[in-house]
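The following exercises concern a predicted model. Each task is followed by a solution in steps.

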Amino acid sequence: MFDKPRTAATDTRHATDEAIARARRLAQQPIREAAREAQHTPLHAFARVARHLPRDVYRDLERRLPEERRQALRHLLTLPSACVGACQSDDFVPVNDAVPAAAAARMLDAHGGREAYVVQGDGRYRGVVARGVLQDAGETPVGRLAASRPSLEELDDAPHAVRNMDRAGTDELPVVDRYGRLTGVLRRAAVQASAPERRGWLPRLGLGGRFRRGGARGQGG
């Protein structure tokens, strides 16, 4: 008997079910154990879980997180649930533009990646460099090897993200904040189905749920 074909909607429902199950498990753990797990879980992945936590559990966990991570988490939870900032992933390899190609290649090998996202010293996105480009490039800084690839802003909506992927001929685009700093990557499969609505108690810190409907930005400078 053949399995039913997987679709983006199926994958999204599966991810949502996993997030709900994990939230229930966290809510049943001693708060210190739950806080340790929250600290070591990739930020965007934990934000998806946090949307399903009871309010009192979330508040207890948040108080135990380091200030920088707490603020980043609160920011993610204020983003509209279907914008690219709420759908982005942490599983990418950022490389400073001054890092030698040989070192960047080793970083990719360690993470099983095919390409690295190049950033400046202040975290602003510059471009992408493929594993094959790094090979035999020796001590050449990756900033000199990076190819341009447009970026998305956190508040861009899903339809614009998909159109920009089509224009760029890729299934993956970097996501940047309002200062142009790299925050994650968005993959086509993550935006082909509607994201789940977030729980009503989640903090709202001034973004107002509005979407930015502009096109993708070009390579950072």
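**Exercise 1.** Is Tyr 117 buried or exposed, and what is its relative accessible area?

*Solution.* The cut-off for a buried residue is under 20% relative accessible area. Tyr 117 has a relative accessible area of 1%, so Tyr 117 is buried.

**Exercise 2.** Determine which aromatic pairs involve Tyr 117, and classify their geometry.

*Solution.* Step 1: the chain holds two aromatic pairs. Step 2: Phe 92 and Tyr 117 pair edge-to-face, at 6.1 Å centre to centre and with 85° between the planes. Phe 92 lies in the loop between helix H6 and strand E1, and Tyr 117 in strand E2, so that this pair links distant parts of the chain, 25 residues apart. Step 3: Phe 92 also counts as buried, because its relative accessibility is 17%. Step 4: the ring centres of Tyr 117 and Tyr 125 are 6.3 Å apart with the planes at 45°, and therefore this pair is tilted. Tyr 125, like Tyr 117, is buried.

**Exercise 3.** Describe the packing of helix H4 against helix H5.

*Solution.* Step 1: the angle between H4 (residues 55–63) and H5 (residues 67–78) is about 145°, and their axes are 10 Å apart. Step 2: H4 contributes Tyr 58, Glu 62 and Arg 63 to the contact, while H5 contributes Arg 70, Leu 73, Arg 74 and Leu 77.

**Exercise 4.** How many residues of helix H3 are buried?

*Solution.* Six of the eight residues of H3 (residues 43–50) are buried: Leu 43, His 44, Phe 46, Ala 47, Val 49 and Ala 50. For the chain of 221 residues, the buried share is 44%.

Conventions. Residues are numbered from 1 along each chain as its sequence is written. This is a predicted model: local features need pLDDT of at least 70, side-chain atom pairs count only at pLDDT 80 or more; totals for chains, interfaces and linings use all residues. Side-chain values use heavy atoms; hydrogens and water are left out. Axes are lines fitted to C-alpha atoms, for helices over the stretch in contact, and angles run from 0 to 180 degrees between N-to-C directions. Helices (H or I, at least four residues) and strands (E, at least two) are DSSP runs, numbered from the N terminus. Contact means heavy atoms within 4.5 Å. Buried means under 20% relative accessible area, exposed over 50%, partly exposed in between (1.4 Å probe, protein chains only). Rings of Phe, Tyr and Trp (its six-membered ring) pair if their centres lie within 6.5 Å; planes under 30 degrees apart count as stacked, over 60 as edge-to-face and the rest as tilted.
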